[in-house]
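Student: I have the sequence and the model open, and I'd like to go through some details with you. Can we start?

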Amino acid sequence: MNILILFICLSVHYDSLKIPMRDGKWLAADLYSNDSTIPKPVILIQTPYDKDTYRTSVGQPGGTPFPYDSAHYNYVILDWRGFHGSDSADVGTYDRGLDGYDAVEWIAQRVWCNQKVGTWGPSALGQIQFMTAKHRPPHLICSVPLVKDYKTKYSDFYYGGEYRKEQVQSMALLGFLTTGAILSYPTENIYWKVFVEQPNDYPESLAVPMLVISGWYDHYPSDVIRAFKDLRTRSDVSVRQKHKLIMGPWLHSGVGKSEQGVLEYPNSVGVADSVATMFFDYYIRNIQNGYEQLPIVRYYQMGVNEWKTTDDWYSVGNYTDTLYLQTGGVLNSSLPLDSVSYDSISYDPRNPSPTIGGSRFNPFVPSTPVGPQDMRDSVESRSDVLIYSTPVLTGNLVVDGSVKILLYVSSDRKDTDFSVRLCDVYPDSSSIIVTQGIRRMRFRNSYSTEQFMTPGQVYVDTVALSDIALTFLAGHRLRIDVSSSNYPMFAVNPNNDDSLYKPGDTLVAKNYVYHDSVYASKILIPTVETGISEYYRIPTKFNSKLSVVTPLRNNLNIRFSISYSDNIKLELFDVCGRKVKGLLNEKLKSGEYSINMNTSGMSSGTYFCCLQTSKGKQTKSIQVIK
């Protein structure tokens, strides 16, 4: 669990508290203060992980150096109902948000509080802040939830219809749930939609400013971003414009740290904590420190390792690059030409592809490799994985958003999985996982309805990955590893048509991935317009037409039309992104145009004709055969 570090100011002491709740129970808490006779604003941290861990052995008995701004704030660390010091207060499915309300209002009346309370905390400590704010305690001023969405839903426990085995089991060991309860509802049925998601979808009830913080290597970066969008559009109108978001290069338990897996991000250290300091000072202490002028969204672009800003994350990756899987494990932007082409793997559930790195969660084994890790020895060296890589990039490839992989697949079984790991391949050939996804084939069309496969029939399988902000640098390669398992992050699929997650026999599956002119498996990459590189930007909205006639007798005819007067640039590139020839660069009126080009001197192969206007680019591939 990450701890908010503002700065060490003075030695503080803790005093044990018993905070009364409305149902007659009381919750155990500790007050940290350097002088409890002086009223100060209070930061409340509600934890299921034992408040006593905040007490250190440093200093005199009953005292501890506290890594917060103890000159200006007091702190209350409270054990959740049913956990540790508050174990005796356990009452079934009691709404812990009401406990948060009661704690805030009780604290506000203490002599050591100036009637202003803020909240802070990551993960479960973040979710309870949303639950507390939902009930609108009058003395709650603002909140800083980290690495957590406010909403509980089916996809928190099932990714692509596959059980998040390691994470759910870890949550069960922490006392948050039982695996039996989750496994009882493996489809997205009325239970999830009516009894779980609807009661937990409440941004309209949130009426305090929030600073939301998460990381690209976290479990749920896309969910946190969506939750922030909900706050900006659906929370109480009085605070909608006050919420801000920080997305850093961090793991779930690594916010503010430099080391993330095998990588380091020194310029990310202290960013979240310094902004949280400004946030609390601005809203609780009324310090005019410029916090309101900070950007709405601050995000870390990995690869180039720079902080960037935007008003809306969803507007950043406004173009889509398409890369096609090719024979020989190649990824490029050419449509496959083969009439029939595929790769196959044999998947044995008794020997699944192992989970190494990625956004896994296993706090009970500290040595578990998490985050960005090298896939070469543990995953890519196995025979049950298909590897597809771009050529070495000659320019930077920017990825901002959720990558989607559309695979045309078949199997000799009625059900199986297809798992994808997205990797950044460095010049030294290390293949570093960025993120991962999976899809259970019986849920290829809907998570609420099971549809088994017909052995041998080809289906399209969409695997969506979590949002990322990463620039694949020149000299690197983009890679996907396709397998049929990623265990124990996800449960193994026994490859049969039996009931889900019940003991039974397993079958070995022969699974196929197609990449030909009929079944063109591809990757859709959200990116930004950054100029010409080896992969060309296809705008989501582009009002022009470009067509290319296959060369005949060394003659190439290129036709295009534009519906507005604009500066037009027409260029030809080879498959490595090098410009072969500039064909046009001038202002044209709206209309249809035709340009002939002599291809003598050009080698056989794939080329790209790129038409660029002020509104975007459009690219067509050309096959030159000599």
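Student: What is the relative accessible area of D497?
Tutor: D497 has a relative accessible area of 36%, so it is partly exposed, where buried means under 20%, exposed means over 50% and partly exposed lies in between, using a 1.4 Å probe and protein chains only. This is a predicted model, in which local features need pLDDT of at least 70, side-chain atom pairs count only at pLDDT 80 or more, and totals for chains, interfaces and linings use all residues. Residues are numbered from 1 along each chain as its sequence is written, and side-chain values use heavy atoms, with hydrogens and water left out.

Student: OK, which residue forms a salt bridge with D497?
Tutor: K414 does, with the closest N and O atoms 3.5 Å apart; a salt bridge is a side-chain nitrogen of Lys or Arg within 4 Å of a carboxyl oxygen of Asp or Glu. The pair links distant parts of the chain, 83 residues apart, and K414 is itself partly exposed, at 41%.

Student: How many salt bridges does the structure hold?
Tutor: There are 32 salt bridges in the structure. One of them joins R81 to D23, with the closest N and O atoms 2.9 Å apart.

Student: Switching topic, which residues are linked in a network of salt bridges?
Tutor: The network includes D149, K151, K153 and D156, and also takes in E197 and R234.

How values were computed:
Helix = DSSP H or I, 4+ residues; strand = E, 2+ residues; numbered from the N terminus.
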